[in-house]
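Take a look at the model shown here.

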Amino acid sequence: AASLLKCFLSAISGGSQYRKSSFLLDHLGKSVFPDHINITENPFVKRAFGSSSFDSDGVACSQKHFIKDGVLESYMLSTYSARKLGLKPTGNAGGVHNLEITHTNDSLSDLLKKMGTGFLVTELMGNGVSIVTGDYSHGASGFWVENGIIQYPVAGVSIAANLRDMFANIVCVGGDIDTRRNILSGSILLEEMTIAGV
């Protein structure tokens with residue numbers, strides 16, 4: 001889940017924007033996620049891994065929406081990239097600080113029940129993501145699920161889609177949040193992807 005959100009951050013980074021190498025080029029004010037999704041940054045959470053008052057350029061950090069009701073509200077800009085784009089820095093030189101995505105209280109078991117039949121991904125292999133086009137392809141392993149119940153392990157398959165479709169078709173995000181990093185996300189339930197090799 002965190003790696004999927006890292007793809008989003010790469011696409012809205014100032015470097016990708018001023019180099020015109022992002023599938024989300026010039027998407028400010030446009031819908032990227034479903035309207036039930038918000039993605040926020042809160043650098044001021046006490047004792048959290050990603051908390052900070054200033055970014056690596058010395059610019060003050062702030063709480064902000066990157067995504068509000070599914071719409072892209074802000075890029076992720078350092079001083080340099082902001083100057084290249086003619087915008088103001090966002091306090092994100094060096095990365096993001098405590099990124100949070102809208103989540104439900106659903107456990108992983110709850111998400112599997114909602115999915116019904118599908119693939120629970122527990123490990124990704126290789127690097128098959130193009131931030132320029134949004135094309136996404138990874139080797140993967142995990143478990144095959146039917147009627148919301150894990151049936152058997154799966155290894156050596158590939159999963160593929162386009163990040164535009166993946167972001168737009170997020171069904172929900174679970175409450176099983178990993179707090180050991182600066183991207184705080186539970187498991188993400190996607191509507192569909194292409195699976196090969198099962």
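## Buried or exposed

A residue counts as buried when its relative accessible area is under 20%, and as exposed when that value is over 50%. Asp178 has 18% relative accessibility, so Asp178 counts as buried. Arg180 has 68%, so Arg180 counts as exposed. Keep in mind that this is a predicted model.

Across the protein chain, buried residues make up 43% of the 198 residues.

## Overall form

The protein chain has five helices and 11 strands. Along its principal axes, the C-alpha trace spans about 50 × 35 × 30 Å.

What radius of gyration does the protein chain have? The value is 17 Å. A compact globule of 198 residues would have one near 16 Å, which agrees.

Contacts also reach along the sequence. Take contacts between residues at least 6 apart in sequence: 62% of them join residues at least 24 apart.

## Surface and charge

The accessible surface of the protein chain comes to about 10100 Å². Carbon and sulfur atoms account for 50% of that surface.

The protein chain carries 16 positive and 18 negative charges.

## Salt bridges

Side chains of opposite charge can pair when their charged atoms come close. How many salt bridges does the structure hold? There are four.

One of them joins Glu41 and Lys64. Their closest N and O atoms are 2.4 Å apart. Glu41 lies in strand β1 (residues 39–41), and Lys64 lies in strand β2 (residues 64–68), so the pair ties together parts that are 23 residues apart in sequence. Glu41 has 2% relative accessibility and therefore counts as buried. Lys64 is buried too, with a relative accessible area of 14%.

## A second pair and a network

Asp106 forms a salt bridge with Lys114. Here the closest N and O atoms are 2.6 Å apart. Asp106 has 15% relative accessibility, so Asp106 counts as buried.

Now return to Asp178 and Arg180. Their side chains meet in a salt bridge, at 2.9 Å from N to O. Arg181 joins them: Asp178, Arg180 and Arg181 are linked in a network of salt bridges.

Key
Residues numbered from 1 in each chain as written. Predicted model: local features only at pLDDT ≥ 70, side-chain atom pairs only at ≥ 80, totals over all residues. Heavy atoms only, no water. Helix = DSSP H or I, 4+ residues; strand = E, 2+ residues; numbered from the N terminus. Rg over C-alpha atoms; globule rule 2.2 N^0.38 Å. Buried < 20%, exposed > 50% of the residue type's maximum accessible area, 1.4 Å probe, protein only. Contact = heavy atoms within 4.5 Å. Areas by Shrake-Rupley, 256 points an atom, 1.4 Å probe, with all protein chains shown as cover. Lys, Arg positive; Asp, Glu negative; His and termini not counted. Charge placed at Lys NZ, Arg CZ, Asp CG, Glu CD.
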